[in-house]
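Biologist: I would like to learn how to read a sheet and a ligand shell. Please take me through the model shown here.

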Amino acid sequence: MPQKILITGGCGFFGTWIIKRLLDDGDVPVVLDVAKTTKRWEMILSPAEIAKVAFHQVKIDDTEALLALVAAEKPDAIIHLAALQVPTCRDNPLAGAKVNVIGTLNIFEAAKAQRSAGHPLPRIVYASSAAVFGPDAEYAETHVGDHAALKPTTHYGAFKVCNESSAKAYWIANQIPSVGLRPLTVYGPGRDTGMTSFPTRALAAAIKGQAFDIPFNGKTAYIHMREVADMFVTAARRPASDSVVYTVGGDIVDMPDFIAAVDRLLPGAKKLITSSGAPLPIVSRVDDASLRAAYPGLLRIPLDQGLRETIEVFKRRDAEGKLEV
Ligand SMILES: NC(=O)c1ccc[n+]([C@@H]2O[C@H](COP(=O)([O-])OP(=O)(O)OC[C@H]3O[C@@H](n4cnc5c(N)ncnc54)[C@H](O)[C@@H]3O)[C@@H](O)[C@H]2O)c1
């Protein structure tokens, strides 16, 4: 049976790929965003697919408007993505807290209101982040899974910890179950903002023959967005019976090896792509064994394949004169 799924922040990178996946599966995506921006949709979705997406201009931090939207749409599930990224939260923590923290509380309040009105609870899957963890040096374990110590070093990471704790509190106080997912460096067409967006932007620069510096070094866990979309959609289809949070893994690759992998697919890229600065302040040894055990059969896209797929889309956009770095 087709599912109606409300995607908050649906004009963003994650939202675009999740819409694509839902449409491919015959589900009904309903998008909420602060503004209708279709540039990422146009990279991935056909005009006929875009025409199928219902859009609502609502601020996630506007409690009244969000509750009214959920009451009107009665979605089977909510995939909650709307958020401000690391640099914006660093520069404006108050705005960050309003969108990232109040916005997430609003999702749970909307679910609570649905139940009070006698409707089924929407299933909730929300984007947390590996930014709940601290840098590599803080962890003794080889594999950093779901229960490793939370040691965020950014406002963004602190807000994600707050959201995970609030999700737990809504389970304990109101029996509202939820699933949180914590990805690290997600890449693919449409990735254009945020601290870990630079590897994707380097691919676009290399295709255009432009020099590009990735402003961090060291290892991180790379995961293609199509794989992450599979995780969100799979989790949104199955009722949860608790408040759970899963760490998301990926290919753990050092910066010189990432650049070498790009160079194999785009010969000459290593002359254009440089890297500088410290490693990301987020542990790289993230492990998603428990997520994959909970949802058997999740997609796995090795880095080479994910890079190849990304380059294919970027080359097509470039040929159309539409590739931006
Ligand atoms: N991109 C990554 O590698 C990564 C890694 C871990 C976690 N995440 C999380 O995944 C989620 C999606 O990330 P993304 O890469 O798609 O980000 P994105 O910036 O591409 O998209 C976020 C969307 O949220 C919308 N938004 C911002 N403020 C809003 C508001 N007040 N009301 C409604 N919508 C608002 C934006 O307009 C945008 O369309 C976020 O919660 C992010 O923290 C992303």
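**Reading the sheet**

Modeller: Seven strands make up an open sheet with parallel pairing, in the order E3-E2-E1-E4-E5-E6-E10. This is a predicted model, in which local features need pLDDT of at least 70 and side-chain atom pairs count only at pLDDT 80 or more, while totals for chains, interfaces and linings use all residues. Residues are numbered from 1 along each chain as its sequence is written.

Biologist: Which are the edge strands?

Modeller: Two strands pair if DSSP finds at least two bridges between them. Strands (E, at least two residues) and helices (H or I, at least four) are DSSP runs, numbered from the N terminus. Strand E3 (54–57) and strand E10 (243–247) each pair on one side only. E3 pairs with strand E2 (residues 28–33) over four bridges, and Gln-57 in E3 is the bridge partner of Asp-33.

Biologist: What does the twist average from one strand to the next?

Modeller: Axes are lines fitted to C-alpha atoms, for helices over the stretch in contact, and angles run from 0 to 180 degrees between N-to-C directions. Here the twist averages 20° from one strand to the next.

Biologist: How many residues surround the ligand?

Modeller: A residue is near a molecule if its C-beta atom, placed from the backbone, lies within 6 Å of it. The ligand is surrounded by 25 residues, and the closest are Gly-9, Gly-12, Ala-83, Ala-127 and Val-186. H1 gives the largest share of the shell, three residues.
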